[in-house]
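Take a look at the protein below.

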Amino acid sequence: MASKKEAVRSRLNPVAWVMFTSLVIDLIGFTIILPLMPKLLDHYSLSGGASISFLESTVKTLQETLHIPEKFNSVMTGGVLGSLFSFLQFLASPLAGCLSDTYGRKPALLVSMVGIAASYALWVVSDNFALFVLARAVGGISKANVSLATAVMADITDSLTRAKAMALVGVAFAIGFIIGPVTGAAFSVWGVDSSTGNWWFWPAIFSLTLAVLNFGFLSVFFTESLPKEKRAKSLQLSQTWNLVNPVSLFKFQLADGIAKKDLEKLKVLGRVYFLFLFLFSGLEYTLTFLTHLRFDYNAAQQGKMLLFIGLLMAFFQGGLVRRVKPGKEKMLALVGLGVIIPSFVIVGLSNSATALYFGLGLYSLGSAIVIPCLTAMTAAYGRADQKGAVIGTLRSLGALARAFGPLVSSFVFFVFGAGPCYCIGAVGLILPFVLLQQSPL
């Protein structure tokens with residue numbers, strides 16, 4: 001009888017599946033651009049314009065000053081653009097979390113969807129680099145839905161179902177990274193020559209269509225997960241500075257009223273999460289540049305590689321992370337960190353497709369495990385009216401890491417090359433491993 005009751009309690013709330021579906025739709029649209037980015041940069045470079053010329057000339061000056069091979073210039077240019085989106089997301093995520101704590105998750109999610117759709121609409125008409133950057137900026141500011149989705153999962157779960165729900169978020173990412181890049185690669189193959197015409201029109205329209213459908217889907221099927229009686233009574237505008245102040249974020253000052261012992265644990269988790277994503281996101285971002293420069297991969301081959309990673313991540317998250325027992329998240333996160341460290345060494349030093357894909361297999365296992373486990377551990381703290389602030393702060397720390405990780409990693413890649421870049425990153429990942437291992441969580 002007890003086991004039956006526990007089985008019922010361990011079932012996920014239907015809202016979790018609605019949120020999962022919404023994330024899959026969103027992430028397919030979001031990842032379509034990934035294999036197109038090198039081609040887009042080539043297009044805008046050939047088209048000219050003050051914005052792209054200034055960026056390219058700055059990188060060119062740096063390249064000539066440091067006597068670096070010119071073939072690495074695209075790595076640095078891409079790193080600058082990759083950091084812009086996440087920096088704006090860093091500014092927006094905790095504010096969206098606090099607003100949702102006060103006014104509810106559904107309104108915040110719908111506003112986020114409107115902004116995401118607007119960014120794709122701008123991409124459709126971005127016939128110059130400045131407009132393309134504006135589209136990316138609007139997308140970064142609006143991309144709070146993942147943070148809000150995590151807060152929703154925290155609202156509707158308990159200790160028995162939390163890890164399963166967070167794993168579901170990870171599975172959504174994996175599916176998005178399976179379908180989106182492959183779709184983008186197909187558009188790249190079907191598109192006309194990148195030097196003429198708006199060849200990006202159809203992938204942009206496809207992403208816009210998905211965003212509009214997602215808005216309608218959430219409007220109809222999403223049931224508010226934070227009832228009025230559990231919401232924060234008011235929005236503390238005096239805390240606005242804490243939303244964008246890294247020191248305040250690392251201290252989780254937005255989560256006011258949490259017990260001191262729990263707050264100390266949140267601070268440790270925040271540091272581990274930031275350090276991991278700072279190093280991981282930088283190496284992750286430069287992966288396509290490594291394969292392009294070392295193995296001469298085209299967009300279709302990049303798409304196949306990302307499909308391989310996505311399939312493995314979906315397998316590990318669906319088959320392993322969803323089955324983790326309450327209280328075992330820390331152990332599994334340590335396993336993930338322990339696996340991902342050698343994976344970067346293998347990828348960075350690989351000189352054959354076999355070695356590369358072996359390293360990517362380990363990489364997929366580690367990346368599938370670490371983030372869902374750390375998120376599930378963090379979501380265990382705080383009252384219902386604090387979940388948005390707690391998760392928003394964690395996601396904002398992740399966005400801050402992703403804002404600077406690609407920039408720093410691209411610079412190291414630019415100066416020293418792929419092998420040293422990935423080996424330095426692997427050594428750096430030992431620090432969050434040790435921090436998490438020694439913490440009393």
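Predicted model: local features only at pLDDT ≥ 70, side-chain atom pairs only at ≥ 80, totals over all residues.

Residues are numbered from 1 along each chain as its sequence is written, and side-chain values use heavy atoms, with hydrogens and water left out.

Q: How many salt bridges does a search of the whole structure find?
A: Side chains of opposite charge can pair when their charged atoms come close. A salt bridge here is a side-chain nitrogen of Lys or Arg within 4 Å of a carboxyl oxygen of Asp or Glu. The search of the whole structure gives 5.

Q: Which residue meets Asp155 in a salt bridge, and in which helix does that residue lie?
A: Helices (H or I, at least four residues) and strands (E, at least two) are DSSP runs, numbered from the N terminus. Asp155 is in helix H8 (residues 145-155), and its partner is 50 residues apart from it in the chain. The N to O distance is 2.7 Å. The partner is Arg105, in helix H6 (residues 105-124).

Q: Is Arg105 buried or exposed?
A: Buried means under 20% relative accessible area, exposed over 50%, and partly exposed in between (1.4 Å probe, protein chains only). Arg105 has 0% relative accessibility, so the label is buried.

Q: Which helix holds both Glu264 and Lys267?
A: These two residues form a salt bridge, with their closest N and O atoms 3.3 Å apart. They sit 3 residues apart, about one turn of the helix. Glu264 is partly exposed at 39%, whereas Lys267 is buried at 18%. Both lie in helix H13 (residues 260-285).

Q: Which residue forms a salt bridge with Arg402?
A: The closest N and O atoms of this pair are 3.0 Å apart. The pair links distant parts of the chain, with Arg402 in helix H18 (residues 387-416) and its partner in helix H13, 118 residues apart.

Q: Which residues do salt bridges with shared partners join into one network?
A: Asp155 pairs with Arg105. Shared partners bring these residues into one network, which is made of Asp101, Arg105 and Asp155.

Q: What accessible area do Phe87, Leu91, Phe404 and Val408 have together?
A: These residues form a nonpolar patch on the surface. Patches are made of residues with over 30% relative accessible area and no salt bridge; like charges are joined within 9 Å, nonpolar side chains (Val, Leu, Ile, Met, Phe, Trp, Tyr) within 5 Å. Accessible areas come from the Shrake-Rupley method with a 1.4 Å probe, and for residues only the protein chains shown count as cover. The total is about 300 Å².

Q: At what angle do the axes of H13 and helix H14 cross?
A: Axes are lines fitted to C-alpha atoms, for helices over the stretch in contact, and angles run from 0 to 180 degrees between N-to-C directions. H14 covers residues 287-295, and the two axes come within 4 Å. They cross at roughly 35°.

Q: Which residues of H14 make the contact with H13?
A: Contact means heavy atoms within 4.5 Å. On the H13 side stand Leu283, Glu284 and Tyr285. On the H14 side stand Leu287, Thr288 and Phe289.

Q: What is the phi of Phe252?
A: Most residues other than glycine have a negative phi. Phe252 is not a glycine, yet its phi is positive. Phe252 is in the loop between helix H12 (246-250) and H13, and is buried at 1%. Its phi is about 55°.

Q: Is Asp296 buried or exposed?
A: Asp296 is in the loop between H14 and helix H15 (299-319). Its phi is positive, near 60°. At 59% relative accessibility, Asp296 is exposed.

Q: Which residues is Ser343 in contact with, leaving aside its neighbours within four places in sequence?
A: Ser343 lies in helix H16 (residues 329-349). Its relative accessible area is 0%, so Ser343 is buried. The contacts are Gly359, Leu362 and Tyr363.
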